Structures are given as C-alpha cells and as structure tokens.
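Please keep the sequence and the model side by side while reading.

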Amino acid sequence: MKILIYIEDNDNKINSNSLESLKAAQDIKTNKNGEVYAVTFNDSVANELTKYDLDRVYSFKDSNLDDYSPLFFIKAMEKMIKEIKPDMIIFGHTYQTRDWVPRLSARLDIPFISDCTGIKIEDDLKFIRQLYQGKVTADFTVSSFPLILSFQSGSFRADQISNGSSEVDSSNIDFNDVVNTIHPDEKFQESESEVDLTQADVIVSVGRGIGKEDNLPMVNELAEKLGGNVASSRPIVDSGWLEPYHQIGSSGQTVSPKLYIALGMSGAIQHVVGMKGSQNIVVINKDSNAPFFELADYAVVGDILEIIPKMIEVLDS
Ligand SMILES: Cc1cc2nc3c(=O)[nH]c(=O)nc-3n(C[C@H](O)[C@H](O)[C@H](O)COP(=O)(O)OP(=O)(O)OC[C@H]3O[C@@H](n4cnc5c(N)ncnc54)[C@H](O)[C@@H]3O)c2cc1C
C-alpha cells in the first residue's frame, strides 16, 4: 500500500498536527507492507523530515508555494499524486487542510474522510470518525482506493514516530496553467497575548468551578509557574472572563498537550472532544462523581480554591 503524506509548514517548522499524522501512515505501512512518501513545500521542513522512517521526501520549491495559496497547492499535490499514484493521501486536519483538501478531493475525484481520530488495522482498514459533536463514534471503510484522509490533532503521538533516514527529492513545477482566482490576505497574526494552544505542552484549563472572575489570577499564576498556557471551558468564555481563543472543545480548539490540568470542570462531551488526545490528564473536582474523572490519569477530589494556592506554594518552594 502506497501512502503519501503532506507535511504542512508553519513559519519553516513542521506543523505538529501533520507530524502526528505521520504515525498513522507508519502504522499502516508496518501492517500492510506499505511505503510512505512525504511531500512538503518547504526545504527546511523537507530536510528535517529526513530523520524519520520514510521512503522518500519530496520537496517543491516555488515562490507560489511560499505562502498558503490553495490553487497552487492543489496543482503541486495533483502532480505528486499523478506521479506516485498513492493508495492513500494523508493530511493533518489543520485549518489549511479544511480549506484546500476538499477542493483537491473534488478535482481528482478521490473520496475524502476528514477529521478522523484513529485507524483500526484489521483485514480491512477502518477509519474512526466522530459524528454529532462527538456523541457517536463511527468506523468508516472504503470499497476502493485511492482515498484522502485527515487526522484530528492529538489522534496520534508524534513521539512514537519511527526514525530512519531518507533522501530529499527537490523539484520545480510549472504553474503556467494555474489561473489563480484566489488571493489570500496576509496571514492572520494572533495578537501578542494570543497563544496557539494546539502547540502547547502544558495546559492549565479552568471551568465554572473557579466561581468568579476574581479567582482567575491564581490560575494564570499556576500556569505560569508550570511553564504552561491557560485554557478554559465554554462558560468561562461566555461569561467574558477569558478571550474565545482559550476555549477548548467542539466549538473551540482541539489540543494534545503533554499535560492537561482540568480545574473545576465537569467533563462535558463538548469539552472533552477537544482535549482527549492529551498525554497526561489531571482532573481536580470537588464532586467525586464528575464525569471528567473517567478520563483522568491523576484524579484529585477537592476544592480548587484551596488546592491551586497549595500547588503554587509547592512550586515556589
Ligand atoms: C453546541 C454546543 C457546543 C459547545 N461547545 C463547547 C466547547 O467547545 N467547549 C466547552 O468547554 N463546552 C462547550 N459546550 C458547553 C458544554 O456542554 C458544557 O456546558 C461545558 O463544557 C461545561 O463547562 P464546565 O465543565 O466548566 O462547567 P460545569 O459543567 O458547570 O462544571 C463545573 C464543575 O466544577 C466543579 N466544581 C465546582 N466548584 C468547584 C470547586 N470549588 N473545586 C473543584 N471543583 C468544583 C463541579 O463539581 C462541576 O463538575 C457546548 C455546548 C453546546 C450545546
């Protein structure tokens, strides 16, 4: 089975969601006697990829690919797919993927199963995907290949990717026949205070159990002492206590940090879908029956208003 994975770059660095999806590609390779080829539009990312177990890295260099531009990206990917003839084309389910990959799928008439959260590798391959805001998990199979897949952030662990050594094949591409009718604006720049939580290693997340806005500074202090970032459930954002970009969940961000500390949150499904890929989950809640405890690696039953100051004290000592 031939697999082609697209690795997105963000400011000359590998996008972490793309990299995690490489683990999915490697799992299929191992079990289905496959080959994995990576393609990227950035030379330094291509060089960085050579340390992984890949059959080859393809890099396209052209000024039209320097910044996100869907029609040029599609053209480059179309060329790659026609050359390699993969059975599967894999993407991380990033914001860019959501924009250009459905168009790629339509252009090449290849089905696209988007936003998958896992794979079951049996005689057949089954692709796991959530439906109805995470209330139902469904297995999808296909009757024919090729197929395009994208994986949600946190579905696979980047630290489990097999290393190896591969070579880079750099090539140019003729874009003369691209009639570019889509001109993206300047890349959206988050304000200095905004943080891309999808890249955070440590997240201290606060829920309604914090009681009032005046109690938030202790959460900020705890996050700061742990070298982490503050996130929240939706009621905190709805109350206007934190900006919307802090919200984790089905209508917020999807994150997969090494450590997720949930403070005074019940564990509603709409929240959990956004953080269940976290590697270590600490839940602190005064209700021992809070559903969030089912997901916890470390569970603490107690009052966060007493526990947070004690954690800060310990970190200070
Ligand atoms: C369409 C839709 C989309 C949604 N999208 C999102 C989303 O993206 N993200 C999201 O988070 N939610 C989302 N929600 C809301 C979601 O359903 C829940 O209402 C929300 O996640 C609950 O937030 P919470 O856990 O902070 O509050 P609650 O459910 O009220 O839980 C508070 C918890 O704090 C505990 N607690 C109280 N005081 C203390 C204390 N002093 N010490 C310790 N524990 C204490 C309580 O025991 C309780 O378990 C969405 C809802 C809908 C309908």
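Pro146 sits in the loop that runs between strand S9 (136-140) and strand S10 (147-151), where helices (H or I, at least four residues) and strands (E, at least two) are DSSP runs numbered from the N terminus. The peptide bond that leads from Phe145 to Pro146 is cis, and its omega is near 10°. The model is a predicted one, in which local features need pLDDT of at least 70 and side-chain atom pairs count only at pLDDT 80 or more, while totals for chains, interfaces and linings use all residues. Residues are numbered from 1 along each chain, as its sequence is written.

Although Asn12 is not a glycine, it has a positive phi of about 70°. As background, most residues other than glycine have a negative phi, and most peptide bonds are trans.

## Two domains

The domain assignment, which is automatic or taken from a database, divides the chain into domain 1 (2-171) and domain 2 (197-316). Taken over C-alpha atoms, the centres of domain 1 and domain 2 are separated by 31 Å.

Ten residues of domain 1 are in contact with eleven residues of domain 2, where contact requires that the C-beta atoms of two residues, placed from the backbone, lie within 7 Å. On the side of domain 1 that touches domain 2, there are no nonpolar, nine polar and one charged residues; here Ala, Val, Leu, Ile, Met, Phe, Trp, Tyr, Cys and Pro count as nonpolar, Asp, Glu, Lys and Arg as charged, and the others, Gly among them, as polar.

## Helices H3 and H4

Helix H3 (residues 70-84) and helix H4 (residues 95-108) have axes that come within 10 Å and cross at roughly 50°, the axes being lines fitted to C-alpha atoms over the stretch in contact, with angles from 0 to 180 degrees between N-to-C directions. That angle makes H3 oblique to H4, since angles under 35 degrees count as roughly parallel, over 145 as roughly antiparallel, 65 to 115 as roughly perpendicular and the rest as oblique.

From H3, the residues Pro70, Phe73, Ile74, Met77, Glu78 and Ile81 meet Asp99, Trp100, Arg103, Leu104, Arg107 and Leu108 of H4. By class, this contact of H3 with H4 has eight nonpolar, no polar and four charged residues.

## Around the ligand

Which residues come nearest to the ligand? Of the 26 residues around the ligand, these are Gly207, Gly209, Ser233, Gly249 and Ser266, and a residue counts as near if its C-beta atom, placed from the backbone, lies within 6 Å of the molecule.

The shell around the ligand consists of seven nonpolar, 14 polar and five charged residues. Helix H6 (234-238), helix H7 (269-272) and helix H8 (304-316) each supply at least two residues of this shell.
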